[in-house]
Amino acid sequence: MKFYRSHILIGISETSLNAGVQAFIPTLRQELAKHELTEEINILETGPLGFFGKGICVTVYPENISYSDLKLEDIPELVSEHFLKGRPVSRLLFDSATKFQPKFNYESRIVLRNSGIIDPESIDEYIGAGGYEAWEKALTQMQPAEIINEVKASGLRGRGGAGFPTGVKWTFTAPIDAPQKYIVVNADEGEPGTFKDRLIMEGDPHQLLEGIMIAARAVGATKAWIYIRGEYKLCIERLRLAIKQCKDYGIIGENIFGSGFDLDIDLKIGAGAYVCGEETALIESLEGNRGNPRWKPPFPGVKGLWQCPTVVNNVETLANVPYIIQKGAEAFKQHGTPECSGTKVYTILGDVAHPGLCEIDMGTTLRTIINEYAGGMKKGFKFKAALVGGAAGVILPDRLLDVKMDFASLNQYAAVLGSGAILVMNEHQSIVDILWSILRFFRHESCGKCAPCRNGSQMLYQLISKIKKGEGTMDDVEQMQIIAETMFNTSFCALGQSPIMAIRSAIENFKDEFIAITKK
Amino acid sequence: MYQEICSKYAPTKDNLIYILHEIQDTHPQHYISEEAVDYIAQYLNIHANHIYGVLTFYTMYSTKPRGKNIIRLCESPPCYIKGSENILRKLHILLGVETGETTKDGEFTLELCACLGVCGNAPVMMINDDVYGDLTEERVEEIITKIRGRK
């Protein structure tokens, strides 16, 4: 193996492609060659580095120095100063003003442990980083029941929203004697402000595939579908490539490693519907129907895709599984809280100094996440509220920032944890305005199957529009709560049960604003 | 054309979404015509009204002819608080069309969409397969002018 003095990790993501990273890389290579540094400095194209909204970003190892917003014309200076003379170019540093360096926190990463380090398009690098060891172990040294017990013991809970224990979910499907069972991966990420699954798939597609394989072995499924949104072009490309590489290496296919176990993994591209994040709606969509949710029970674990037993898991959930099998449930439980083990991936957006993604132990407070991982508020802005969990989330004021982020502590707000989206708003932004935007979203995304959601979402939108215009009364505000509560009690699926979260938290925490606007 | 696309897929209902995607992508006007629906109905041996149901359910499909470049501006909360309404107003002025309409020269169709998952760069829009982020009114003008010049 070649030994390099330094590695330049270049994040390839939607953002950097947008900023012209494809032209940047060859120019950088040429410049390195000009100084005869090709043998000493390695360029590695990798997944998202953990901070964005900053154009082309690179991190240099072993120094662990990050540069952002690089332009073609910066290359000569960067190469001659940093790589030739060893002096980091301070003007180009990630945040030259405050010297803030993004906290990568690799020691506590599970899902993103390879992301931003290995080349996501190379199966060899994944294997070199310990990849597919867990799959080999699960297939050749463990019985399906042992795999399920290990996942159960780890306390892993679904990262899609509801937080249902993953091992328990698998036990519904595993004992059923059926000619065909399926694994379905929910990669139809649509919660506004959420894109952690995109980053997981872009940064380390093989880890998701390995999780799928282990789940398939555990429940006895021989076919897996990844249902992914059509907009995630780079993910689709990388997953297709990763699946092909696995087939070429015999990691999936027929009679894998001579074990007699068969598994095939395929992608299915969605066509744009928020409700398809609901597991039964997703199954309907896979079958070629409108994405209307189904009546439960029977649950998909018993009768799912084409009436066969089907396990539906979120991307992040499955990406945790290889670690659990490889290192054991005890190692996994070192992270997080006793009730909620493991880590959680968050995307932090809005008026913080450094929007980005981070993976941290369950139970970390919102205040720590915002201050330590996102560098606090953007200069000149004051914190007003955080929308946590996207449209189906809650709006929290400053005094609630010390709430611990785990399923148990968030209790009634538990569903908001899944998405991992944290949208920070400054003091000039209007809560009524953001609520209007959220309710417009629900009106658009209601699938129309059940009356409470179909009519309720429309009524909520009309009421909030009236209030936003300054024509509403406090009775309208009250009415909104009543409607949303009725929707919560009577809607067919989680979509219609969601608007109450944002409405109640907005009104409870920012009542003054509603009083002020209705008095106009 | 329809025959060529359909025959790539087994005639089972679960391939409907794929077939619709491909027919729409290869049509110069990026839409699914009535004729196409009839053909698919026959090929998959399902009712045309089932196909219409599916077609109108998902936001990525259109039953109306559209322009060469489809602009999809995100209107979800993260983009909204970063000023997507101003971007929309600017696009209305630049293109001279309302939301959902196509320019007279058939170059652009303007649509709104839900979260594209690129919220780190809000406000965001997609034009065909390309994502454009950190939009300002000036940047939008630049982008549109550049695409117009590509003809």
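This briefing covers chain B as a whole and one residue of chain A, Cys235. The model is predicted. Chain B is divided into two parts, domain 1 (2-57) and domain 2 (69-149). In chain A, the residue of interest is A:Cys235, which sits in helix H10.

**Chain B: domains and dimensions**

- Domain 1 of chain B spans 2-57, and domain 2 of chain B spans 69-149.
- The C-alpha centres of these two domains of chain B are 28 Å apart.
- Taken along the principal axes, the C-alpha atoms of chain B fill a box of roughly 50 × 30 × 25 Å.

- Chain B holds seven helices and four strands.
- Read from the N terminus, the order of elements in chain B is α-α-α-α-β-α-α-β-β-β-α.
- Chain B has 151 residues, and 41% of them are buried.
- Among contacts in chain B with a separation of 6 or more, 58% are between residues 24 or more positions apart.

**Chain A: the setting of Cys235**

- Helix H10 of chain A covers residues 233-249, and A:Cys235 lies within it.
- A:Cys235 counts as buried because 28 other C-beta atoms lie within 10 Å, and the cut-off for buried is 20 or more.
- Setting aside neighbours within four places in sequence, A:Cys235 is in contact with A:Arg198, A:Met201, A:Glu202 and A:Ile228.
- A:Leu208 is 27 residues from A:Cys235 along the chain, and their C-alpha atoms are separated by 12 Å.

Definitions and conventions:
Residues numbered from 1 in each chain as written. Chains lettered and ligands numbered in written order. Predicted model: local features only at pLDDT ≥ 70, side-chain atom pairs only at ≥ 80, totals over all residues. Helix = DSSP H or I, 4+ residues; strand = E, 2+ residues; numbered from the N terminus. Buried ≥ 20, exposed ≤ 12 C-beta atoms within 10 Å, placed from the backbone. Contact = placed C-beta atoms within 7 Å. Domains from an automatic or database assignment.
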